[in-house]
Amino acid sequence: FVVLLIEIFSPQVVKLIAPGFSQETAALSTRFVMILAPMLMVLCIRTILTAILDSEKHFWYGKSLGAFQSVVLIVLTVLFYKTGIYILVIGLVVAYLLEVVVGLIFVLKKNYYRFVTPYKIWNDETKTLLLCMLPLFLSNSVSEVNALVARGVCSNFGEGVVTSLSYAQTLKQFVNSILISSTLTVLYTNIVSKSIEADSKKSLSDYVSKSILIYIVILVPVTLVALFSASDIVRVVFGHGAVSEYAVNNTANALIGYAYGFIPLALVGVILRVYYSNSNTTFPLICSIFTVAINVVLILVLSDRIGIMGVSLAASLSTAVSFFLLLFKIRRYIDKIDTRQVVKSLSKVLLASLVTIGIVLFVNQFINCSSVFKLLINIFIVFGSFYLLLYVLKPEELKYLSTRIIPNRFRKV
């Protein structure tokens with residue numbers, strides 16, 4: 001039904017998403033929407049397969065989809081580049097279908113799923129599931145308003161600005177996929193298991209607070225690199241071919257705005273898993289509605305003053321607001337957090353961050369080389385300085401993290 005509506009009203013959908021598009025661009029986008037709309041059904045099947053495999057702790061499928069999709073797009077683009085931009089859309093269709101085929105083969109081979117005729121579709125379990133799903137569905141739907149408003153505002157800034165925002169979102173998604181989403185999937189299974197333990201509030205409290213601090217330790221240097229080397233990152237990744245300097249600057253500005261939201265994005269993910277593990281999807285929906293309202297206001301205010309950076313910065317600030325809103329009812333599911341230990345650890349992270357910022361600002365005065373080498377130098381300085389300082393300050397989270405990622409035989413060294 002949804003696919004049918006999109007097919008019928010695809011011109012109106014494009015106009016709603018990007019009201020600033022020219023007539024030619026809007027017509028091309030409409031054709032793309034009509035081609036990709038049926039893939040919504042395929043994506044639903046893929047999501048179900050991902051959930052089945054995640055429940056069996058086969059996380060590789062869900063986390064390899066992006067890489068698989070990229071490989072298919074690259075191969076098809078190289079082979080059929082003369083087709084023009086349409087090959088990218090066709091490549092997405094092919095990638096989605098292949099992903100579902102691979103997932104189905106693995107799920108059926110392992111006997112994780114089998115086709116059966118249900119005795120009674122509408123029962124108490126179905127009702128409970130739908131009651132939990134409805135707020136989650138509405139929450140995700142409301143969150144999509146952010147993307148629509150952001151693209152709509154950017155489409156009024158001129159040609160190419162929506163593309164620049166999309167490039168910045170790709171870089172943001174890269175950080176999210178590698179460092180946040182992939183680990184949150186595993187984190188969720190651990191939170192669920194701790195929620196059913198005898199002393200669940202105490203164990204869950206320790207686990208959540210430790211997870212939050214570890215995410216901060218991991219993402220602070222990533223954020224600093226993105227802030228100090230945004231232009232270099234964009235030039236290295238996108239600054240070739242027909243990409244102009246104007247587009248590079250716009251993408252860099254958008255990336256800076258998104259970088260401020262790396263840490264809040266991870267923290268919101270952790271807190272949401274606590275609510276979901278306790279079958280509470282209603283309060284996150286309420287928080288999501290407030291967050292979207294705040295984000296829309298911030299986009300309109302900030303974009304008028306700082307352009308495309310205001311759009312991405314609004315998303316980061318609204319994510320931070322969402323984190324604090326979600327904290328209001330978290331005490332229902334976790335015990336009191338050791339505030340003294342948290343403040344002690346955060347003060348060490350803050351000190352290490354400030355010193356690292358000072359070092360980077362000082363060194364960058366003397367760096368005059370290509371974007372690739374400048375980016376590599378800044379990455380080395382930021383990560384080296386930050387983790388060296390943390391090693392000296394010795395926060396508990398760094399010790400815990402090292403026991404997880406460093407083999408035993410290397411720890412003494």
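Threonine 291 has a relative accessibility of 9% and therefore counts as buried, a label given to residues under 20% relative accessible area, with exposed meaning over 50% and partly exposed in between (1.4 Å probe, protein chains only). The model is a predicted one, in which local features need pLDDT of at least 70 and side-chain atom pairs count only at pLDDT 80 or more, while totals for chains, interfaces and linings use all residues. Residues are numbered from 1 along each chain as its sequence is written, and side-chain values use heavy atoms, with hydrogens and water left out.

Threonine 291 lies in helix 13 (residues 282-306), where helices are DSSP runs of H or I with at least four residues, numbered from the N terminus. Its side chain reaches the backbone oxygen of cysteine 287 at 2.7 Å, and, leaving aside residues up to four places away in sequence, threonine 291 touches Ser318, Ser322 and Leu325, contact meaning heavy atoms within 4.5 Å.

Another buried threonine, threonine 251, has a relative accessible area of 0% and is placed in helix 11 (residues 245-259). With residues up to four places away in sequence not counted, threonine 251 touches Ser164, Tyr167, Ala168 and Val234.

The nonpolar cores, sets of buried Ala, Val, Leu, Ile, Met, Phe, Trp, Tyr and Cys residues joined through side-chain atoms within 4.5 Å, can be taken next. The largest holds 50 residues, of which Ile271 and Leu326 touch the most other members; its largest share, twelve residues, comes from helix 9 (residues 200-228). A second, separate core of 16 residues includes Ala150, Tyr258, Ile299 and Val311.

Terms used: Helices (H or I, at least four residues) and strands (E, at least two) are DSSP runs, numbered from the N terminus. A polar contact is a pair of N or O atoms within 3.5 Å; within protein, one must be able to donate a hydrogen and the other to accept it, and residues adjacent in sequence count only if both atoms are side-chain atoms.
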